[in-house]
Amino acid sequence: MKGNILAKFLLLLISLWFIFFTSMAAKVPLDAEPLSPEEAFIIDHIIVGPSEAVIRWQISKFYYLYKEKFIFSSTDFIIENIHFPPPEVIDDPFFGASEIYHNFVEATLHITPKTKGRSNGILDITFQGCWEGGVCYPPVKKSLKLSGL
């Protein structure tokens with residue numbers, strides 16, 4: 001009998017501890033609605049050199065992008081190298097252990113035009129992310145017009 005009471009007390013104590021510490025973490029407001037992917041993940045770019053472009057994402061609060069879901073392709077450019085900053089590693093409820101980015105991420109691409117003397121073209125980008133409120137978006141595809149390379 002005493003063991004049963006002690007077990008219940010410990011279970012209650014652990015439950016209260018869990019509730020207390022998880023309530024302190026930043027949480028998605030209960031009345032929040034997910035943004036469209038265009039609002040949650042704002043993309044832009046800059047050309048920083050003759051063969052270097054930086055693609056940037058401004059990531060809304062409570063959202064994240066998966067590092068392994070970025071895909072870059074082009075019929076106009078040869079993509080020689082892609083550099084990302086170090087990601088955060090989380091235990092994602094949808095995909096398990098995952099490398100992600102919150103707030104902001106930029107990818108530096110070393111690219112050259114496929115046609116000599118041409119300095120512009122289209123870069124196709126696919127990326128995927130989630131809202132911490134429980135929504136993962138399908139892959140988003142964007143085409144950026146790059147010029148001045």
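**Sheets, a disulfide and a buried aspartate**

Reply: Let's start with the sheet of 4 strands, which is open, with the order β1-β2-β8-β5 and antiparallel pairing. Keep in mind that this is a predicted model.

Me: What makes β1 and β5 edge strands?

Reply: β1 (41-49) and β5 each have a single partner strand, so one side of each is left without a neighbour in the sheet. From one strand to the next, the twist averages 25°.

Me: How do you know that β2 and β8 pair?

Reply: Two strands pair if DSSP finds at least two bridges between them. Strand β2 (residues 52-59) and strand β8 (residues 104-113) are joined by 7 bridges, so by that cut-off they pair, and they run antiparallel. If you want a spot to look at, V54 stands opposite T108 in β8.

Me: And what holds paired strands together in general?

Reply: Strands of a sheet pair through backbone hydrogen bonds, parallel or antiparallel.

Me: Which strands make up the sheet of 3, and in what order?

Reply: That open sheet runs β4-β9-β12, again with antiparallel pairing. Its edges are β4 and β12 (140-147); each has a single partner strand, so one side of each lacks a neighbour in the sheet. The twist here averages 20° from one strand to the next.

Me: What makes β9 and β12 a pair?

Reply: Same test: at least two bridges are needed. β9 (residues 120-127) is joined to β12 by 8 bridges, so the two count as paired, and they run antiparallel. Within that pair, L123 stands opposite L144 in β12.

Me: Let's turn to the cysteines. Why is the link between C130 and C136 called a disulfide?

Reply: The cut-off is a pair of cysteine sulfur atoms within 2.5 Å. For C130 and C136 the S to S distance is 1.7 Å, so the pair qualifies as a disulfide. A search of the whole structure finds 1 disulfide.

Me: Why is it called right-handed?

Reply: The torsion about the S-S bond of C130 and C136 is about 85°, so the disulfide gets that label.

Me: Are the two cysteines, C130 and C136, buried or partly exposed?

Reply: One of each. Buried means under 20% relative accessible area, exposed over 50%, and partly exposed in between. C130 has 0%, so C130 is buried. C136 is at 24%, so C136 counts as partly exposed.

Me: Why does D76 count as buried?

Reply: D76 is at 16% relative accessibility, which is under the 20% cut-off, so D76 counts as buried. You'll find D76 in the loop between β4 (71-73) and β5 (77-83).

Me: What does the side chain of D76 reach?

Reply: The backbone nitrogen of I122, at 2.7 Å. The limit for a polar contact is 3.5 Å between N or O atoms, so 2.7 Å falls inside that limit. Leaving aside neighbours within four places in sequence, D76 is in contact with residues including T112, K114, R118 and I122.

Me: Zooming out, how many helices and strands does the chain have?

Reply: The count is 2 helices and 12 strands. Along the sequence, the pattern is α-α-β-β-β-β-β-β-β-β-β-β-β-β.

Me: How much of the chain counts as buried, and what is exposed?

Reply: Of the 149 residues, 32% count as buried. The chain exposes about 9,400 Å², with carbon and sulfur atoms supplying 61% of it. As for contacts with a separation of 6 or more, residues 24 or more positions apart account for 67% of them.

How values were computed
Residues are numbered from 1 along each chain as its sequence is written. This is a predicted model: local features need pLDDT of at least 70, side-chain atom pairs count only at pLDDT 80 or more; totals for chains, interfaces and linings use all residues. Side-chain values use heavy atoms; hydrogens and water are left out. Buried means under 20% relative accessible area, exposed over 50%, partly exposed in between (1.4 Å probe, protein chains only). A polar contact is a pair of N or O atoms within 3.5 Å; within protein, one must be able to donate a hydrogen and the other to accept it, and residues adjacent in sequence count only if both atoms are side-chain atoms. Contact means heavy atoms within 4.5 Å. Accessible areas come from the Shrake-Rupley method with a 1.4 Å probe; for residues, only the protein chains shown count as cover. Axes are lines fitted to C-alpha atoms, for helices over the stretch in contact, and angles run from 0 to 180 degrees between N-to-C directions.
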